[in-house]
Amino acid sequence: MKKQTRKLTERIEKRLTSLILGQHPHNTIFSFNYHNVVHINAFLREQAKRIGKVDTVTDVGAGRSPYYPIFGHLSENYIAVDLKESLPHKEHRKIKQLYGLAEDLPMQSQSSDVVLSNQVLEHVINPEKAVNEVFRVLRPGGFIVGSVPHISPVHLEPYDFRRFTDLGVQKLMMDAGFSEIEVFGNGSIYRAFAFSMAMDWMLSSRRPGKAQYFSVRRALLLSPLVGMLNLAAIVFEFITRNKNRSAANLCWIARKPLV
């Protein structure tokens with residue numbers, strides 16, 4: 001009886017989560033991640049339209065490849081690179097899975113036209129080496145398209161090592177040899193404050209040797225408050241015209257020179 005009750009509770013929670021909070025990366029305004037995913041989705045759609053059809057797209061640190069719907073139609077060859085335990089055991093989409101690290105991509109040089117790197121560089125041991133690897137596997141004229149947090153609570157410990165500024169992203173790309181570098185923030189300090197506070201509410205307390213987790217029940221319980229917080233951030237940003245000084249999230253695109 002207890003097992004059946006637990007399963008029913010889990011199904012109800014899953015259904016409510018989908019209805020109220022949405023599913024990553026299509027979260028609603030009631031989700032702590034709203035301001036970041038809205039920015040990332042809009043940016044990636046714009047860049048996909050700008051880039052157009054290509055031969056190969058590589059998603060580094062892909063996880064479950066949440067942005068495949070945006071970039072998957074650009075190419076018949078969509079490659080997801082990540083640790084074995086991070087990739088889906090059963091992938092039904094047209095995605096080729098490769099096991100590997102961002103700092104040592106299991107691909108030949110000049111074998112991809114676009115490399116995606118979303119919310120990855122803050123978690124890798126050596127971001128400089130990772131970006132150099134992207135440069136290596138890209139064909140001349142190819143693009144790296146990605147995102148990183150600028151302001152965010154510590155998460156996914158013990159693998160959360162750094163935060164980036166727009167100037168830091170530009171330097172990282174430039175040092176690797178990229179050109180035509182463009183970096184965009186997702187708004188003002190108000191959005192950053194809303195995101196950080198709401199995300200902190202959902203995370204478990206930090207304890208040495210203990211993995212973090214997100215509380216689904218807390219996310220559902222606090223969803224009305226999170227929704228008001230996210231809306232207030234939008235209103236304050238509009239009133240004060242305060243933008244891009246302290247963005248929570250940064251998106252960028254850069255190109256490997258043709259010669």
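Me: Why is Gln110 called partly exposed?
Reply: In this predicted model, Gln110 has a relative accessible area of 45%. Buried means under 20% and exposed means over 50%, so at 45% Gln110 falls in between and counts as partly exposed.

Me: And what makes the phi of Gln110 worth a look?
Reply: Gln110 has a positive phi of about 55 degrees, although it is not a glycine. Most residues other than glycine have a negative phi. As for its place, Gln110 sits in the loop between strand E5 (95–99) and E6.

Me: Why does Leu156 count as partly exposed?
Reply: Leu156 has 44% relative accessibility. You'll find Leu156 in the loop between E7 and H5.

Me: Okay, then why does His123 count as buried?
Reply: Check the number: His123 has 17% relative accessibility. The limit for buried is under 20%, so His123 counts as buried. Look for His123 in the loop between strand E6 (112–118) and helix H4 (127–137).

Me: Which residues does His123 touch, leaving aside those up to four places away in sequence?
Reply: His123 touches His155, Leu156, Tyr159, Asp160, Phe161 and Arg162.

Me: What makes the link between the side chains of His123 and Glu122 a polar contact?
Reply: The distance is 3.3 Å, and the cut-off for a pair of N or O atoms is within 3.5 Å. Residues adjacent in sequence count only if both atoms are side-chain atoms, and here the contact joins the two side chains.

Me: How do you know that the radius of gyration of the chain agrees with a compact globule?
Reply: For 259 residues, a compact globule would come out near 18 Å, and the chain has 19 Å, so the two agree. Buried residues make up 48% of the chain.

Note on methods: Residues numbered from 1 in each chain as written. Predicted model: local features only at pLDDT ≥ 70, side-chain atom pairs only at ≥ 80, totals over all residues. Heavy atoms only, no water. Rg over C-alpha atoms; globule rule 2.2 N^0.38 Å. Buried < 20%, exposed > 50% of the residue type's maximum accessible area, 1.4 Å probe, protein only. Helix = DSSP H or I, 4+ residues; strand = E, 2+ residues; numbered from the N terminus. Polar contact = N/O pair within 3.5 Å; in protein donor to acceptor, adjacent residues only side chain to side chain. Contact = heavy atoms within 4.5 Å.
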